[in-house]
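Notebook open. I list below what I looked up, one entry per topic.

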Amino acid sequence: MSLKKILGGVYLVIDPSTDQAQLFSKLQQVLEQKISAVQIWDHWINPSDKDVIIKKIIDLCHLHLIPVLINNDWALLNELNLDGVHFDEIPNNVEEIKKKIGREFISGITCNNDLSVVEWATQHKLDYVSFCSVFPSSTSNSCDLVSFETIRRAREITSLPIFLAGGISPDNMEKLRELDFDGVAVISGIMNQDDPAQATKKYLTELNY
């Protein structure tokens with residue numbers, strides 16, 4: 001499919017280690033909504049199944065024209081029809097990575113309270129930044145909480161789309177209204193729900209997307 005930039009809205013992160021039948025059932029429901037992208041978290045129980053699972057996710061998402069990003073493992077872009085990569089931290093040589101991939105791809109990076117990461121992402125023309133963790137979260141427990149002042153300052157130094165992640169639910173998004181951001185990155189708030197499509201709709205409503 002033609003490359004689709006990530007501008008805002010709901011950015012879904014999925015855990016490929018979860019029960020496969022449940023994962024694909026819920027993903028199918030979410031893809032009926034207007035989400036911006038799907039990221040495959042780098043969390044594998046059986047790495048030998050990785051390529052098969054990723055291909056199934058790509059095929060399903062591309063039917064809905066939704067781009068698929070891999071978490072960290074950028075080399076897979078040379079092997080599979082992935083649309084991009086999300087880095088958890090600044091890679092050693094991003095320009096060399098671009099040369100090795102040899103085609104256009106979407107790229108983003110996780111930020112915390114260190115604004116130099118935002119500056120780096122802007123300088124190297126990444127496509128978005130994602131701040132983690134905004135609120136306490138069971139799936140983002142390795143992230144320190146991001147201060148709202150950091151997010152405000154980030155908007156002053158970059159025009160890149162800004163996503164917020166970590167513990168965000170439709171019920172607490174009102175607390176974010178003072179911030180200038182473009183979307184939310186969500187995992188458990190959607191994929192752990194009995195009705196993931198309805199959960200997605202609630203996020204989209206709060207985002208006016």
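Is Leu65 buried or exposed? I looked it up: Leu65 is exposed, with a relative accessible area of 53%. My cut-offs are under 20% relative accessible area for buried, over 50% for exposed and partly exposed in between, with a 1.4 Å probe and protein chains only.

Ground rules. I am working on a predicted model, where local features need pLDDT of at least 70, side-chain atom pairs count only at pLDDT 80 or more, and totals for chains, interfaces and linings use all residues. I number residues from 1 along each chain as its sequence is written, and side-chain values use heavy atoms, with hydrogens and water left out. Helices (H or I, at least four residues) and strands (E, at least two) are DSSP runs, numbered from the N terminus.

Entry: I found Leu65 in the loop between helix H2 (50-63) and strand S3 (68-71). Leu65 is not a glycine, yet its phi is positive, at about 60°. Asn208 is another non-glycine with a positive phi, about 55°. I place Asn208 in the segment after helix H7 (196-207), and Asn208 is exposed at 70% relative accessible area. I then noted a cis peptide bond between Cys132 and Ser133, with omega about 5°. Ser133 sits in the loop between S6 and H5.

Entry: Lys4. I located Lys4 in the segment before strand S1 (9-14). Its relative accessible area is 34%, so Lys4 is partly exposed. Contact here means heavy atoms within 4.5 Å. Not counting residues up to four places away in sequence, Lys4 touches Ile35, Leu65, Ile66, Pro67 and Ile106. From Lys4 to Ala37 I get 9.0 Å, C-alpha to C-alpha, for 33 residues of sequence.

Entry: helix H4 and its surroundings. Which residues of H4 (residues 115-123) are buried? They are Leu115, Val117, Val118, Trp120 and Ala121. These buried residues pack against helix H3 (94-101), strand S5 (106-111), strand S6 (128-132) and H5. I checked Ile90, in the loop between strand S4 (84-87) and H3. With sequence neighbours within four places left aside, Ile90 contacts Ile109, Val117 and Trp120. Ile90 is partly exposed because its relative accessibility is 35%.

Entry: Thr158. This residue lies in the loop between helix H5 (148-157) and strand S7 (162-165). Thr158 counts as buried because its relative accessibility is 5%. Beyond its neighbours within four places in sequence, Thr158 is in contact with Val118 and Thr122.

Entry: a charge and a ring. I found the charged end of Lys56 over the ring of Phe24, 4.4 Å from its centre. The test is NZ of Lys or CZ of Arg within 6 Å of the ring centre and within 35 degrees of the ring normal.
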